[in-house]
Amino acid sequence: MKYFLIALIVTTFVMTGCKTTDDPDNPFQTMKDYLIANAMDVPDVLDAWITSASAVGDSATGTAAGYYVIDIRGAADFALGHIDGAVNTTLDNVVNEAANAGGDPILVVCYSGQSAGHATVALRLSGYANAKVLKWGMSGWHSDFDKWTSKCASPAVGDANWTNDPVAADMDYDDPTFTSDKTDGAEILAERVDALLAGGFKGVDGTDVLANPGNYFINNYWPQADVDTYGHIAGAHRILPLTLAGNEYKKLDPSQTVVTYCWTGQTSSMMTAYLTVLGYDAKSLKNGVNSLIYSELQGHKW
């Protein structure tokens with residue numbers, strides 16, 4: 001009887017002390033497990049997510065052949081011109097609109113290819129794995145809609161906060177946290193996607209980050225060779241790859257605003273949307289380094 005009671009106490013302690021993947025006190029872990037198990041880790045969602053106007057456009061008809069085109073620009077701009085056959089909706093309604101695609105691949109269109117990144121992450125996390133961003137947005141479709149040229153600049157050239165020093169050292173942080181009354185991974189994910197879309201595009205001007213790098217946790221989302229070539233914003237990290245399964249996400253500080261930057265702000269928009277779903281306060285550096293060191297770039301330029 002004594003041994004039986006000891007075994008019972010130990011079993012009770014283990015069962016109450018360990019968190020399961022359906023633990024209502026840890027919705028992040030439940031959602032993380034669900035994302036990994038259902039091929040929705042970061043590399044899965046950021047796989048073949050973009051296509052260009054030259055690849056899909058039909059100049060004879062003005063269409064994006066084979067795609068259900070969702071244009072998330074403002075209604076007034078849509079009325080001035082759009083891809084033939086496109087439907088106009090808002091970012092927060094994009095998942096609802098996708099239900100009308102009838103199984104066709106979805107092409108999301110915005111002004112510059114950045115807000116469309118948020119929409120495409122939301123769609124891919126909602127079961128529309130074939131959703132893509134139109135590269136450069138409508139700016140890449142026709143010169144009449146160019147929103148890019150005016151954004152290309154080089155204020156970081158010669159600035160003390162643009163450096164060739166080694167990137168910041170990494171360490172592991174706690175997981176991000178959020179509240180949910182759901183215990184099912186799919187339901188938690190749907191709730192987080194809704195929160196992403198309701199929050200709108202999460203961007204920050206490059207000049208603000210350059211002037212105040214200490215206000216942010218900055219991740220330079222480049223290969224190391226490019227960091228060696230161009231330098232980086234002072235204090236930036238380089239966390240790449242960044243996955244759930246490999247736990248690299250733990251190198252992001254959830255207590256700070258996490259700014260991701262890339263070349264044009266399109267990849268960083270995708271990453272920012274994903275991090276927002278995970279519970280981070282995340283921002284995408286608008287227009288990427290095309291807005292900071294445009295004159296120095298040897299590629300990846302508008």
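Residues are classed here with Ala, Val, Leu, Ile, Met, Phe, Trp, Tyr, Cys and Pro as nonpolar, Asp, Glu, Lys and Arg as charged, and the others, Gly among them, as polar. On this basis, the lining of the largest pocket in the predicted model comprises 7 nonpolar, 7 polar and 5 charged residues. The volume of the largest pocket is about 450 Å³. Its lining is formed by 19 residues, and those nearest the pocket centre are Ser112, Gln114, Lys151, Lys286 and Asn287.

Helix packing was examined for H7 and H11. Two packed helices are described by the angle between their axes and by the distance between the axes. Helix H7 spans residues 115-124 and helix H11 spans residues 266-278; their axes come within 7 Å and cross at roughly 45°. The crossing of the two helices is right-handed. On the H7 side, the contact involves Gly117, His118, Thr120 and Val121, which meet Ser269, Met270, Thr272, Ala273 and Tyr274 of H11. The contact of H7 with H11 contains 4 nonpolar and 5 polar residues, with no charged residues.

How values were computed
Residues are numbered from 1 along each chain as its sequence is written. This is a predicted model: local features need pLDDT of at least 70, side-chain atom pairs count only at pLDDT 80 or more; totals for chains, interfaces and linings use all residues. Side-chain values use heavy atoms; hydrogens and water are left out. Axes are lines fitted to C-alpha atoms, for helices over the stretch in contact, and angles run from 0 to 180 degrees between N-to-C directions. Helices (H or I, at least four residues) and strands (E, at least two) are DSSP runs, numbered from the N terminus. A crossing is left-handed if the near helix is turned anticlockwise from the far one by less than a right angle, and right-handed if clockwise. Contact means heavy atoms within 4.5 Å. On a 1 Å grid over the protein atoms alone, a cavity is a set of points where a 1.4 Å probe fits but cannot get out, and a pocket is an open set with protein on both sides within 12 Å along at least five of seven lines; lining residues have an atom within 4 Å of a point. Grid points are joined across faces, edges and corners, and a volume is the space filled by probe spheres set on the points.
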